[in-house]
Amino acid sequence: MEEITLDPQRMPKHIAIIMDGNGRWAKQRGLDRVFGHREGANAVRRIVRACGELQIPYLTLYAFSTENWNRPKYEVEALMALLIKSIQEEVPELMKNNVRLNAIGHLADLPQQCQDALTEAIRTTSANTGLTLTISLSYSGRSELKYCMREIAKKAKKNEIDIDGISEETICQHLYTSALPDPDIMIRTGGEQRVSNFLLWQIAYAELFFTPVMWPDFDKPHLLEILSQYQNRERRYGKTSEQIAASTKI
Ligand code: IPE
Ligand code: IPE
Ligand code: MG
(Lines give C-alpha, C1' and ligand atoms only; values in the text may rest on other atoms or scores of the structure.)
(Ligands and ions follow the chains in the order given, each with its own letter.)
Protein backbone atom coordinates (compact mmCIF):
# COMPACT_ATOMS: atom_id res chain seq x y z
CA MET A 1 0.00 0.00 0.00
CA GLU A 2 1.18 3.50 -0.85
CA GLU A 3 2.49 5.58 2.07
CA ILE A 4 -0.06 8.22 3.12
CA THR A 5 1.20 11.58 4.32
CA LEU A 6 -1.29 13.83 6.05
CA ASP A 7 -1.09 17.58 6.52
CA PRO A 8 -1.20 18.23 10.29
CA GLN A 9 -2.77 21.65 9.58
CA ARG A 10 -5.77 20.10 7.84
CA MET A 11 -6.77 17.36 10.24
CA PRO A 12 -10.46 17.11 11.16
CA LYS A 13 -11.47 18.06 14.70
CA HIS A 14 -14.44 15.74 14.79
CA ILE A 15 -15.10 12.43 13.03
CA ALA A 16 -18.53 10.78 13.23
CA ILE A 17 -18.98 7.15 12.19
CA ILE A 18 -22.06 5.08 11.38
CA MET A 19 -20.67 1.66 12.25
CA ASP A 20 -22.68 -0.51 9.86
CA GLY A 21 -22.24 -4.00 8.44
CA ASN A 22 -21.77 -6.20 11.51
CA GLY A 23 -24.68 -8.49 10.64
CA ARG A 24 -23.60 -8.99 7.03
CA TRP A 25 -19.99 -9.57 8.09
CA ALA A 26 -21.20 -12.46 10.27
CA LYS A 27 -23.62 -13.81 7.67
CA GLN A 28 -20.86 -13.91 5.03
CA ARG A 29 -19.00 -16.25 7.40
CA GLY A 30 -22.03 -18.41 8.19
CA LEU A 31 -22.13 -17.02 11.73
CA ASP A 32 -24.90 -15.54 13.83
CA ARG A 33 -25.23 -11.72 13.61
CA VAL A 34 -24.14 -11.44 17.23
CA PHE A 35 -20.61 -12.57 16.26
CA GLY A 36 -20.49 -9.57 13.94
CA HIS A 37 -21.34 -7.25 16.80
CA ARG A 38 -18.61 -8.85 18.94
CA GLU A 39 -16.06 -8.35 16.19
CA GLY A 40 -17.41 -4.82 15.75
CA ALA A 41 -16.41 -4.08 19.35
CA ASN A 42 -12.79 -4.93 18.42
CA ALA A 43 -12.98 -2.50 15.50
CA VAL A 44 -14.14 0.20 17.95
CA ARG A 45 -11.04 -0.41 20.09
CA ARG A 46 -8.76 -0.15 17.02
CA ILE A 47 -10.33 3.04 15.70
CA VAL A 48 -10.39 4.74 19.10
CA ARG A 49 -6.68 4.00 19.45
CA ALA A 50 -5.98 5.23 15.90
CA CYS A 51 -7.85 8.50 16.48
CA GLY A 52 -5.87 9.01 19.69
CA GLU A 53 -2.60 8.42 17.83
CA LEU A 54 -3.69 10.89 15.14
CA GLN A 55 -4.56 13.44 17.85
CA ILE A 56 -8.14 13.81 16.64
CA PRO A 57 -9.99 15.63 19.45
CA TYR A 58 -13.51 14.21 18.92
CA LEU A 59 -14.85 10.85 17.71
CA THR A 60 -18.57 10.11 17.76
CA LEU A 61 -19.83 6.60 17.09
CA TYR A 62 -23.34 5.50 16.21
CA ALA A 63 -23.71 2.33 18.25
CA PHE A 64 -27.49 1.89 18.65
CA SER A 65 -30.28 3.89 17.08
CA THR A 66 -33.78 4.60 18.35
CA GLU A 67 -34.97 2.45 15.42
CA ASN A 68 -32.70 -0.45 16.45
CA TRP A 69 -35.09 -1.19 19.35
CA ASN A 70 -37.30 -2.74 16.65
CA ARG A 71 -34.82 -5.57 16.00
CA PRO A 72 -35.54 -9.09 17.28
CA LYS A 73 -35.52 -9.22 21.09
CA TYR A 74 -32.66 -11.71 21.07
CA GLU A 75 -30.40 -9.37 19.09
CA VAL A 76 -31.28 -6.31 21.20
CA GLU A 77 -30.54 -8.25 24.39
CA ALA A 78 -27.23 -9.51 22.99
CA LEU A 79 -26.28 -5.96 21.97
CA MET A 80 -27.09 -4.58 25.43
CA ALA A 81 -25.10 -7.36 27.13
CA LEU A 82 -22.16 -6.68 24.82
CA LEU A 83 -22.41 -2.98 25.52
CA ILE A 84 -22.30 -3.46 29.29
CA LYS A 85 -19.33 -5.85 29.00
CA SER A 86 -17.42 -3.58 26.59
CA ILE A 87 -17.94 -0.42 28.64
CA GLN A 88 -16.70 -2.14 31.80
CA GLU A 89 -13.77 -3.91 30.15
CA GLU A 90 -12.56 -0.93 28.13
CA VAL A 91 -12.12 1.52 31.01
CA PRO A 92 -8.43 0.59 31.66
CA GLU A 93 -7.67 0.97 27.93
CA LEU A 94 -9.49 4.35 27.85
CA MET A 95 -7.46 5.49 30.87
CA LYS A 96 -4.21 4.30 29.30
CA ASN A 97 -5.00 6.24 26.10
CA ASN A 98 -6.24 9.38 27.93
CA VAL A 99 -9.74 9.03 26.37
CA ARG A 100 -12.73 10.82 27.89
CA LEU A 101 -15.98 8.91 27.43
CA ASN A 102 -19.24 10.67 26.68
CA ALA A 103 -22.68 9.38 25.65
CA ILE A 104 -25.60 10.90 23.74
CA GLY A 105 -29.11 9.67 23.12
CA HIS A 106 -32.20 8.94 25.18
CA LEU A 107 -30.10 7.06 27.71
CA ALA A 108 -33.03 6.47 30.08
CA ASP A 109 -34.28 3.83 27.56
CA LEU A 110 -31.21 1.65 28.24
CA PRO A 111 -31.28 -1.21 30.78
CA GLN A 112 -30.33 0.07 34.26
CA GLN A 113 -27.13 -2.00 34.32
CA CYS A 114 -26.05 -0.34 31.11
CA GLN A 115 -26.83 3.14 32.41
CA ASP A 116 -24.84 2.37 35.58
CA ALA A 117 -21.82 1.08 33.62
CA LEU A 118 -21.92 4.18 31.42
CA THR A 119 -22.20 6.61 34.35
CA GLU A 120 -19.29 4.90 36.08
CA ALA A 121 -17.05 4.86 32.96
CA ILE A 122 -17.88 8.51 32.16
CA ARG A 123 -17.04 9.51 35.75
CA THR A 124 -13.78 7.53 35.79
CA THR A 125 -12.54 9.01 32.50
CA SER A 126 -13.85 12.55 33.07
CA ALA A 127 -10.45 14.13 33.80
CA ASN A 128 -8.78 12.67 30.69
CA THR A 129 -7.59 15.28 28.23
CA GLY A 130 -7.08 13.35 24.97
CA LEU A 131 -9.77 12.13 22.60
CA THR A 132 -13.41 12.73 23.55
CA LEU A 133 -15.20 9.55 22.55
CA THR A 134 -18.96 9.97 22.32
CA ILE A 135 -21.13 6.88 21.91
CA SER A 136 -24.62 7.38 20.56
CA LEU A 137 -27.08 5.05 22.24
CA SER A 138 -30.83 4.96 21.74
CA TYR A 139 -30.07 7.95 19.57
CA SER A 140 -31.80 9.41 16.55
CA GLY A 141 -31.42 12.87 15.10
CA ARG A 142 -35.15 13.54 14.93
CA SER A 143 -35.69 12.41 18.50
CA GLU A 144 -32.80 14.67 19.60
CA LEU A 145 -34.44 17.60 17.81
CA LYS A 146 -37.77 16.77 19.45
CA TYR A 147 -36.24 16.93 22.94
CA CYS A 148 -34.33 20.07 22.00
CA MET A 149 -37.53 21.80 20.87
CA ARG A 150 -39.35 20.73 24.03
CA GLU A 151 -36.57 22.20 26.19
CA ILE A 152 -36.58 25.49 24.32
CA ALA A 153 -40.40 25.67 24.43
CA LYS A 154 -40.40 25.03 28.21
CA LYS A 155 -37.91 27.87 28.72
CA ALA A 156 -39.86 30.18 26.43
CA LYS A 157 -43.02 29.45 28.42
CA LYS A 158 -41.23 30.43 31.62
CA ASN A 159 -39.92 33.57 29.86
CA GLU A 160 -36.34 32.35 30.25
CA ILE A 161 -35.95 32.53 26.46
CA ASP A 162 -37.24 35.25 24.18
CA ILE A 163 -38.91 33.55 21.18
CA ASP A 164 -37.64 36.11 18.68
CA GLY A 165 -34.14 35.66 20.08
CA ILE A 166 -34.03 31.91 19.32
CA SER A 167 -30.99 31.49 17.12
CA GLU A 168 -29.09 28.59 15.57
CA GLU A 169 -26.80 28.91 18.57
CA THR A 170 -29.77 28.44 20.95
CA ILE A 171 -30.61 25.20 19.14
CA CYS A 172 -26.99 23.96 19.31
CA GLN A 173 -26.94 24.66 23.03
CA HIS A 174 -30.00 22.45 23.60
CA LEU A 175 -28.84 19.44 21.60
CA TYR A 176 -27.14 16.42 23.23
CA THR A 177 -24.01 17.55 21.41
CA SER A 178 -23.87 21.05 22.94
CA ALA A 179 -20.28 20.45 24.11
CA LEU A 180 -19.05 19.11 20.75
CA PRO A 181 -18.06 20.91 17.54
CA ASP A 182 -19.95 19.85 14.40
CA PRO A 183 -18.41 16.80 12.68
CA ASP A 184 -16.01 17.60 9.83
CA ILE A 185 -16.30 14.07 8.50
CA MET A 186 -19.07 11.52 8.58
CA ILE A 187 -18.13 7.98 7.59
CA ARG A 188 -20.55 5.13 6.97
CA THR A 189 -19.16 1.62 6.63
CA GLY A 190 -21.09 -1.35 5.23
CA GLY A 191 -21.90 0.02 1.78
CA GLU A 192 -25.25 1.76 2.37
CA GLN A 193 -25.39 5.39 1.29
CA ARG A 194 -27.78 6.93 3.80
CA VAL A 195 -27.53 8.78 7.09
CA SER A 196 -30.15 6.75 9.02
CA ASN A 197 -31.15 9.56 11.36
CA PHE A 198 -27.63 10.28 12.66
CA LEU A 199 -26.71 13.82 13.77
CA LEU A 200 -29.13 15.42 11.30
CA TRP A 201 -28.58 18.99 12.49
CA GLN A 202 -24.85 18.65 13.09
CA ILE A 203 -23.80 17.20 9.70
CA ALA A 204 -25.04 20.23 7.75
CA TYR A 205 -21.54 20.80 6.34
CA ALA A 206 -19.77 17.52 7.10
CA GLU A 207 -17.83 15.80 4.34
CA LEU A 208 -19.50 12.42 3.74
CA PHE A 209 -17.63 9.18 3.09
CA PHE A 210 -19.28 5.86 2.28
CA THR A 211 -17.13 2.76 2.24
CA PRO A 212 -18.13 -0.80 1.32
CA VAL A 213 -15.87 -2.15 4.09
CA MET A 214 -17.96 -3.88 6.77
CA TRP A 215 -17.44 -2.33 10.22
CA PRO A 216 -15.68 -5.39 11.77
CA ASP A 217 -13.04 -5.13 9.00
CA PHE A 218 -12.57 -1.36 9.29
CA ASP A 219 -9.04 -0.51 10.42
CA LYS A 220 -6.53 2.33 10.62
CA PRO A 221 -5.42 2.13 6.92
CA HIS A 222 -9.07 2.68 5.83
CA LEU A 223 -9.28 5.69 8.14
CA LEU A 224 -5.99 7.09 6.82
CA GLU A 225 -7.24 6.73 3.23
CA ILE A 226 -10.42 8.67 4.12
CA LEU A 227 -8.37 11.38 5.88
CA SER A 228 -6.19 11.70 2.81
CA GLN A 229 -9.27 12.12 0.57
CA TYR A 230 -10.70 14.62 3.05
CA GLN A 231 -7.58 16.75 2.82
CA ASN A 232 -8.00 16.85 -0.94
CA ARG A 233 -11.56 18.11 -0.77
CA GLU A 234 -12.35 21.80 -0.85
CA ARG A 235 -14.85 22.87 1.81
CA ARG A 236 -16.52 25.84 0.20
CA TYR A 237 -19.42 26.59 2.59
CA GLY A 238 -21.38 28.18 -0.24
CA LYS A 239 -18.52 30.30 -1.55
CA THR A 240 -16.69 29.96 -4.86
CA SER A 241 -13.42 28.14 -5.31
CA GLU A 242 -11.70 31.46 -6.12
CA GLN A 243 -12.89 33.02 -2.85
CA ILE A 244 -11.54 30.05 -0.90
CA ALA A 245 -8.18 30.26 -2.70
CA ALA A 246 -7.93 33.99 -1.96
CA SER A 247 -8.75 33.57 1.74
CA THR A 248 -6.19 30.80 2.27
CA LYS A 249 -3.39 32.70 0.50
CA ILE A 250 -0.71 33.82 2.94
C1 IPE B 1 -24.47 -2.09 12.72
O2 IPE B 1 -24.45 -3.29 12.03
C3 IPE B 1 -24.65 -2.27 14.19
C4 IPE B 1 -25.96 -1.83 14.70
C5 IPE B 1 -26.88 -1.26 14.01
C6 IPE B 1 -26.21 -2.08 16.10
P7 IPE B 1 -25.77 -4.00 11.56
O8 IPE B 1 -26.24 -4.91 12.66
O9 IPE B 1 -26.79 -3.03 11.09
O10 IPE B 1 -25.22 -4.86 10.35
P11 IPE B 1 -25.94 -5.10 8.94
O12 IPE B 1 -26.26 -3.76 8.36
O13 IPE B 1 -27.16 -5.91 9.22
O14 IPE B 1 -24.92 -5.84 8.16
C1 IPE C 1 -27.54 2.59 11.58
O2 IPE C 1 -27.45 1.30 11.12
C3 IPE C 1 -27.47 2.61 13.07
C4 IPE C 1 -26.19 2.20 13.64
C5 IPE C 1 -25.09 1.96 13.00
C6 IPE C 1 -26.19 2.10 15.07
P7 IPE C 1 -28.74 0.45 10.69
O8 IPE C 1 -28.24 -0.81 10.13
O9 IPE C 1 -29.69 0.35 11.82
O10 IPE C 1 -29.36 1.40 9.57
P11 IPE C 1 -30.48 1.12 8.48
O12 IPE C 1 -31.72 0.75 9.22
O13 IPE C 1 -30.01 0.01 7.61
O14 IPE C 1 -30.60 2.39 7.74
MG1 MG D 1 -27.15 -2.18 9.26
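Residues are numbered from 1 along each chain as its sequence is written, and chains are lettered from A and ligands numbered from 1 in the order in which they are written. Because the model is predicted, local features need pLDDT of at least 70 and side-chain atom pairs count only at pLDDT 80 or more, while totals for chains, interfaces and linings use all residues, and side-chain values use heavy atoms, with hydrogens and water left out.

**Exercise 1. Describe the largest pocket by its volume, its lining and the elements that contribute to that lining.**

Step 1. A pocket is defined on a 1 Å grid over the protein atoms alone, as an open set of points where a 1.4 Å probe fits, with protein on both sides within 12 Å along at least five of seven lines, and lining residues have an atom within 4 Å of a point. The volume, which is the space filled by probe spheres set on the points, with grid points joined across faces, edges and corners, comes to about 1,100 Å³ for the largest pocket.

Step 2. The lining consists of 46 residues, and those nearest the centre are Met19, Asn22, Tyr62, Ala63 and Leu79. Two or more lining residues come from each of helix 1 (22-28), helix 2 (33-53), strand 2 (58-65), helix 3 (73-96) and strand 4 (132-139); helices (H or I, at least four residues) and strands (E, at least two) are DSSP runs, numbered from the N terminus.

Step 3. By class, the lining holds 21 nonpolar, ten polar and 15 charged residues, where Ala, Val, Leu, Ile, Met, Phe, Trp, Tyr, Cys and Pro count as nonpolar, Asp, Glu, Lys and Arg as charged, and the others, Gly among them, as polar.

**Exercise 2. Locate ligand 1 and list its polar contacts.**

Step 1. The space that ligand 1 takes is the largest pocket, a molecule being assigned to a pocket if more than half of its atoms lie within 2 Å of its grid points.

Step 2. The surrounding residues (a heavy atom within 4 Å) include Met19, Asp20, His37 and Leu79. Helix 1 gives the most to this shell, with three residues, and the shell has three nonpolar, five polar and four charged residues.

Step 3. For polar contacts (N or O atoms paired within 3.5 Å), a backbone N or O atom of asparagine 22 lies 3.1 Å from an oxygen atom of ligand 1, and one of glycine 23 lies 2.9 Å from an oxygen atom of the ligand. Arginine 33 instead uses a polar side-chain atom, 2.9 Å from an oxygen atom of ligand 1. Of the 370 Å² of accessible area that ligand 1 has on its own, the protein covers 87%, with areas from the Shrake-Rupley method and a 1.4 Å probe.

**Exercise 3. Carry out the corresponding analysis for ligand 2.**

Step 1. Ligand 2 sits in the largest pocket, and strand 2 gives the most to its shell, with four residues. Among the residues around ligand 2 are Ile18, Phe64, Arg188 and Arg194, and the shell divides into five nonpolar, three polar and four charged residues.

Note on methods:
A polar contact is a pair of N or O atoms within 3.5 Å; within protein, one must be able to donate a hydrogen and the other to accept it, and residues adjacent in sequence count only if both atoms are side-chain atoms.
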